[in-house]
Amino acid sequence: MTLDLDRAYQVISTARQMDERMWRLARSGRAHFAVPCSGHEAIGAGYGLALRAGHDFVAPHYRDLAAMLAIGLTPREVFLHFFARRDDPCAHGRQPYAHWGSRAHGVVSLQGPQPNHVTHGVGVAWGSRLLGTDQVTWIAFGDGGAQKGEVHEAMNIAAIHKLPVVFCVENNFYTQSVPSRLESSRPDIGARAAAYGIPGESVDGMEVEAVHEAALRAIARARAGEGATFLEARCYRFLPNTSNDDDTRYRPREEVEEARLRDPLALLRQKLDAARADAIDEEAMTLAAEAAEWAEAQPEGDPEEMFEHTYALSS
Amino acid sequence: MSTRTLSLLEAVREALAEEMARDPRVVLLGEDIGLLGGVFRATDGLLDRFGPERVIDTPMAETAIAGIAMGLAMRGLRPVAEIQFADFMHSAMDHIVGEAAKLRYRTGGDWTAPMVVRTAYGGGFRGGPYHSQSIEAFYSHVPGLKVLAPSFPDDAKGMLTAAIRDLDPVLFLEHKRTYRAITGPVPEGEHVVDDGRLRVARAGDALTIVGWGMMLHEALAAAEELAAEGVEAEVLDLRWLLPLDREGLLDSLRRTGRLLVVHEDTLTMGLGAELCALAAEAGVLRAPPVRVAMPDIGGIPVADRMEDAAIPDRRQVVAAARRLLEKSPSPTGRVGVGEAYDPTIPEAASVVEVRMGEAHLEAVLAAVAEACRAVPQCNATFTWDEIRLHDQVSVDLDLGPLSPARGGGTFTLVDYGPAGSLLGLPAVRPGQTATLRVGAVREGRAYLALSVDHRAVDGADAGRFLATLKGRLEA
């Protein structure tokens with residue numbers, strides 16, 4: 001399965017347009033919270049387009065807007081979540097933006113504390129084994145999350161039982177402000193795969209084709225019953241951690257500017273016909289603007305709805 | 001249904017085996033549950049019978065056990081995780097409290113986590129600080145979670161069966177000393193106890209003693225000693241620690257008027273505090289309540305005499321009961337449902353501004369009667385079983401500290417007259433579902449504030465009530 005570069009560019013361009021719009025909306029006080037994905041889009045598009053949408057499961061990283069678009073969430077649905085509107089399909093107005101979730105799309109509900117979804121994803125993958133299906137579970141998390149003890153517990157158990165799972169660390173070299181040298185004694189997180197006796201691979205997370213190829217290999221292994229893979233995809237976050245962050249306190253501007261020279265959008269653009277890329281960008285901008293405007297005008301839930309869904313019988 | 005005598009441990013094992021046989025979605029995971037059959041043998045024989053796919057020996061990884069159980073539940077399986085000792089559960093707490101209990105809520109019901117976490121709790125085994133703790137108070141503070149603690153073998157089977165079938169995550173607490181010390185009749189075959197109600201373990205009318213787990217048995221032994229003195233104590237087995245059976249507790253206290261709570265968990269912020277608060281707020285106590293609990297010490301000591309002194313027993317319960325019976329009626333206590341404020345009522349308030357004159361009480365009373373007929377939910381009594389709408393409107397008038405409401409009505413009207421504040425949000429009286437407060441009239445206008453019991457009256461009803469009132473008063 002080769003990657004449709006037009007489709008990948010469309011996903012990345014749409015994610016970028018939405019990301020920049022969300023940033024402005026949050027900073028101008030029209031929304032609560034933005035969580036940028038710029039710099040992570042090639043990873044999301046690369047794995048999202050490698051999965052079987054609606055069949056496989058994803059326990060995503062919060063920066064995986066591109067993956068959500070790739071597997072079928074629409075820009076309108078994403079903006080309903082962003083604005084915490086009544087019909088927010090991810091969290092029904094109960095969680096801030098980027099707390100992905102959708103049963104229909106196989107997206108495992110994402111929580112606040114990172115990366116608790118890693119163990120949930122292993123349970124979801126184990127479900128495929130027990131139910132006798134060939135559904136694969138993709139679990140993505142950051143280099144910050146990778147330092148938590150429960151990631152070890154999860155990877156160890158997935159390796160013991162050869163579960164149909166792919167662990168993908170999206171390494172942007174910062175845990176919010178804490179740099180990689182203070183996160184881990186070795187920056188090459190992907191090397192940890194050897195400790196579990198599972199295949200490990202480090203890829204350039206700015207190159208969508210590289211991510212996609214590695215994802216296809218890992219997914220094929222999982223689907224064939226050969227067990228877990230650990231991918232490290234190296235990238236860089238172009239914007240602050242969230243709309244509440246000030247990254248000038250911990251990152252030199254020169255470093256950010258240098259990283260932007262390897263923008264995943266620009267790298268992919270070079271492989272496309274320029275007129276075609278322009279047309280996709282134009283379409284993405286219109287799509288993002290229309291979706292944002294539409295979602296902002298949608299109603300919020302009634303305060304009474306806060307009493308729903310604590311227990312099954314209160315639903 | 002025929003019964004046999006089983007220990008509580010055997011009843012737990014039987015419930016697991018029968019549910020696994022009935023439902024292939026039920027899988028067990030935990031430390032030492034397979035080859036060893038569990039350190040207490042709760043899962044003995046299940047690996048041989050159901051195989052390693054469904055009886056999973058995990059590494060020593062409590063966090064992952066809870067997190068993976070949640071993932072399995074999200075796929076429609078029915079995982080039953082065992083945390084070997086309750087003391088080891090703290091590292092799994094994030095996935096029980098922060099994740100499973102919130103999953104339904106945070107996704108608006110899209111994803112759910114019907115899972116059970118079983119664990120062995122309680123002291124008396126010379127286990128020291130890390131094999132003896134009671135943990136119920138931590139978890140009974142978590143909406144979205146259910147916390148069950150059986151005291152008898154038949155309940156252990158019936159409640160565990162119900163827990164496995166429950167649509168919400170359940171923490172199932174098994175007291176270690178009850179495993180073998182407590183035996184009793186257990187129905188053969190399917191046995192489900194899912195009513196969410198406490199169990200009257202012994203009937204009486206002199207006082208109410210509430211307990212669960214091993215302390216329930218200490219309470220029963222104490223009640224026998226008291227009976228020899230001619231005092232008949234009612235002993236309640238709380239068994240559903242969350243959600244609480246409030247009505248069951250208050251039913252008993254309306255008859256006895258005296259409450260003694262006994263728990264092995266430490267005193268401060270324990271469940272006893274919540275039960276005493278519920279009783280005090282409902283105004284059903286004739287004397288201040290009493291708690292018997294583990295003192296607030298840093299852990300349960302392993303040395304024989306220290307551990308025995310730390311864990312409450314029947315002698316302490318008897319002594320506390322005698323003290324409680326000697327106590328004179330509390331100066332602030334009231335019997336029956338009075339005008340006491342009940343903060344457990346989830347209140348919502350709405351306000352309208354109305355044109356009205358200084359002398360308005362008659363007109364407001366007439367308008368309230370009309371609005372109560374138009375929106376009968378506001379003239380009702382809420383219980384956990386039903387919302388009872390009253391045929392007659394009987395307004396209690398609260399005209400200030402010198403002329404408070406007499407009680408007994410179906411609706412309360414608060415009007416402190418010209419001396420009152422412009423706007424005050426009134427409290428809903430127990431037994432009623434709505435209260436209206438008329439603010440002071442300034443320049444021919446006043447604010448009318450309606451507080452409602454949100455379990456009985458929704459926002460749209462409250463709005464209709466106020467619209468009816470305003471329409472009538474301004475007509």
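This note comments on a helix pair in chain A and on the domains and a sheet of chain B in a predicted model.

1. Helix packing in chain A. Helix α4 (residues 75-82) of chain A packs against helix α12 (residues 274-296) of chain A with an axis separation of 8 Å and an angle of about 45°. That angle makes α4(A) oblique to α12(A). The crossing in which α4(A) passes α12(A) is right-handed.

2. Residues at the helix contact. From α4(A), the residues involved are A:P75, A:R76, A:F79, A:L80 and A:F82. In α12(A) they meet A:L287, A:A288, A:A291, A:A292, A:W294 and A:A295. By class, the contact of α4(A) with α12(A) comprises 10 nonpolar residues and one charged residue, with no polar ones.

3. Domains of chain B. The chain is divided into domain 1 (3-187), domain 2 (199-326) and domain 3 (347-474). The centres of domain 1 and domain 3 of chain B, taken over C-alpha atoms, are separated by 48 Å.

4. Sheet in chain B. Seven strands form an open sheet with mixed pairing, in the order β3-β2-β4-β5-β7-β6-β12 (chain B). Because β3 (55-57) and β12 (240-242) of chain B each have a single partner strand, they stand at the edges, and one side of each is left without a neighbour in the sheet. From one strand to the next, the twist averages 20°.

5. A strand pair within chain B. Strand β6 (residues 146-148) and strand β7 (residues 170-175) of chain B pair in the parallel sense, over three bridges. B:K146 has B:V170 in β7(B) as its bridge partner.

Notes. Residues numbered from 1 in each chain as written. Chains lettered and ligands numbered in written order. Predicted model: local features only at pLDDT ≥ 70, side-chain atom pairs only at ≥ 80, totals over all residues. Axes fitted to C-alpha atoms, helices over the stretch in contact; angles between N-to-C directions. Helix = DSSP H or I, 4+ residues; strand = E, 2+ residues; numbered from the N terminus. Parallel < 35°, antiparallel > 145°, perpendicular 65-115°, else oblique. Left-handed = near helix turned anticlockwise from the far one by under 90°. Contact = placed C-beta atoms within 7 Å. Nonpolar A, V, L, I, M, F, W, Y, C, P; charged D, E, K, R; others polar. Domains from an automatic or database assignment. Pairing = 2+ DSSP bridges.
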